[in-house]
Amino acid sequence: MDPSQDINLNSPNKGLGVDHSDSLAEVPVEGAVGNSVNPLPPGLTEEEAEELRTELMKVEEEINTLRQVLSAKERHAAELKRKLGLSPLNELRQNITKSWQDVQTSNAYKKTQETLSQAGQKTSAALTTVGSAITRRLGDMRNSATFKSFEDKMGNLKVVGTKGNGDVSSPTDTTPTQENPPF
């Protein structure tokens with residue numbers, strides 16, 4: 001691999017050879033006054049500016065070298081993981097499992113779980129109480145004189161309907177069948 005090749009995946013120069021001989025310090029600036037290509041900041045001599053440019057080039061070269069080394073290390077780590085059978089999906093699964101365990105051991109989760117458990121118990125108790133009250137009220141209602149009177153009147157009533165085959169059943173048909181249920 002060419003040491004001047006930019007391998008940063010986020011770089012606009014990705015995969016392109018980067019030539020540092022055309023640094024920005026040597027690019028003419030429109031509207032610049034005087035003979036100098038790049039005017040010097042106040043208090044900086046030409047020699048100091050040249051030293052800074054040289055140092056900047058060296059630092060940029062070091063950065064590129066470090067990027068290349070990091071990329072090589074990442075590829076090596078990926079190869080080792082592949083050989084160990086550690087796929088990105090397995091890593092994700094492990095990370096999610098660990099994160100879920102961390103959440104479950106957190107104080108906030110424990111407090112929330114405890115609160116929801118208590119709320120569920122209270123809701124269950126309330127529904128049991130409401131169910132008991134409804135059952136008791138229906139029992140009271142069934143034992144009332146009005147209901148008994150209504151039940152007596154309905155008990156004497158016979159329902160006449162049609163059988164599943166279209167025949168009309170009479171009130172004297174007392175044998176319940178699947179086609180003619182007793183209700």
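This is a predicted model: local features need pLDDT of at least 70, side-chain atom pairs count only at pLDDT 80 or more; totals for chains, interfaces and linings use all residues.

Modeller: Residues are numbered from 1 along each chain as its sequence is written, and side-chain values use heavy atoms, with hydrogens and water left out.

Biologist: How many helices and strands are there in the chain?

Modeller: The chain has four helices and zero strands; helices are DSSP runs of H or I with at least four residues, and strands are runs of E with at least two, numbered from the N terminus.

Biologist: Why is isoleucine 134 called partly exposed?

Modeller: Buried means under 20% relative accessible area, exposed means over 50%, and partly exposed lies in between (1.4 Å probe, protein chains only). Isoleucine 134 has 47% relative accessibility and therefore counts as partly exposed. This residue is found in helix H3 (residues 107–142). Of the 183 residues in the chain, 7% are buried.

Biologist: How is the packing of helix H2 and H3 described?

Modeller: Two packed helices are described by the angle between their axes and the distance between the axes. Helix H2 (residues 88–105) and H3 pack at about 65 degrees, with axes 5 Å apart; axes are lines fitted to C-alpha atoms over the stretch in contact, and angles run from 0 to 180 degrees between N-to-C directions.

Biologist: What makes the contact?

Modeller: Trp100, Val103, Gln104 and Thr105 of H2 meet Asn107, Tyr109 and Lys110 of H3, where contact means heavy atoms within 4.5 Å.
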